[in-house]
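The following exercises concern one protein model. Please study the sequence and the structure before reading the solutions.

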Amino acid sequence: HLRELLGDERRVAEMAVEWDGIVLDYSRQKATARTLELLYALAARAGVVERAAAMAAGAEANPTEGRSVLHMALRSDRGDRFH
């Protein structure tokens, strides 16, 4: 039950992360620390960090269109420059 999950203060603290004002709170899910370990391992095997860096650098990410994608530009400031 959700009340039981949220009653575990250690779990709530371990299952939430914040970065740049964005909070991801996994404590309200049936996920466990092992679930997160497996997700991180999957992301590492899939090269998520490297692919995100390539996307930010302007590498071709969508071969069907033959061009780069710059999704981060949608949330950028007007004066920001991208490759």
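**Exercise 1.** Which backbone oxygen lies 2.7 Å from a polar atom of the side chain of R11? Describe the surroundings of R11.

**Solution.** The model is predicted, so local features need pLDDT of at least 70 and side-chain atom pairs pLDDT 80 or more, while totals for chains, interfaces and linings use all residues. Residues are numbered from 1 along each chain as its sequence is written, and side-chain values use heavy atoms, with hydrogens and water left out.

Step 1. The backbone oxygen is that of A31.

Step 2. R11 is found in helix α2, residues 9–14 (helices are DSSP runs of H or I, at least four residues, and strands runs of E, at least two, numbered from the N terminus).

Step 3. Leaving aside residues up to four places away in sequence, R11 touches L5, Y26, S27, Q29, K30 and A31 (contact means heavy atoms within 4.5 Å).

**Exercise 2.** How far does helix α3 span?

**Solution.** Step 1. Helix α3 covers residues 33–46, which is 14 residues. Step 2. The expected span, 1.5 Å times one less than the number of residues, is 20 Å, and the end C-alpha atoms are 20 Å apart, which agrees. Step 3. After α3 comes G47, with a positive phi near 75°.

**Exercise 3.** In what order do the elements of the protein run?

**Solution.** Step 1. The protein has 4 helices and 4 strands. Step 2. From the N terminus on, the order is α-α-β-β-α-α-β-β. Step 3. The C-alpha atoms fill a box of roughly 50 × 30 × 15 Å along the principal axes.

Definitions and conventions
Polar contact = N/O pair within 3.5 Å; in protein donor to acceptor, adjacent residues only side chain to side chain.
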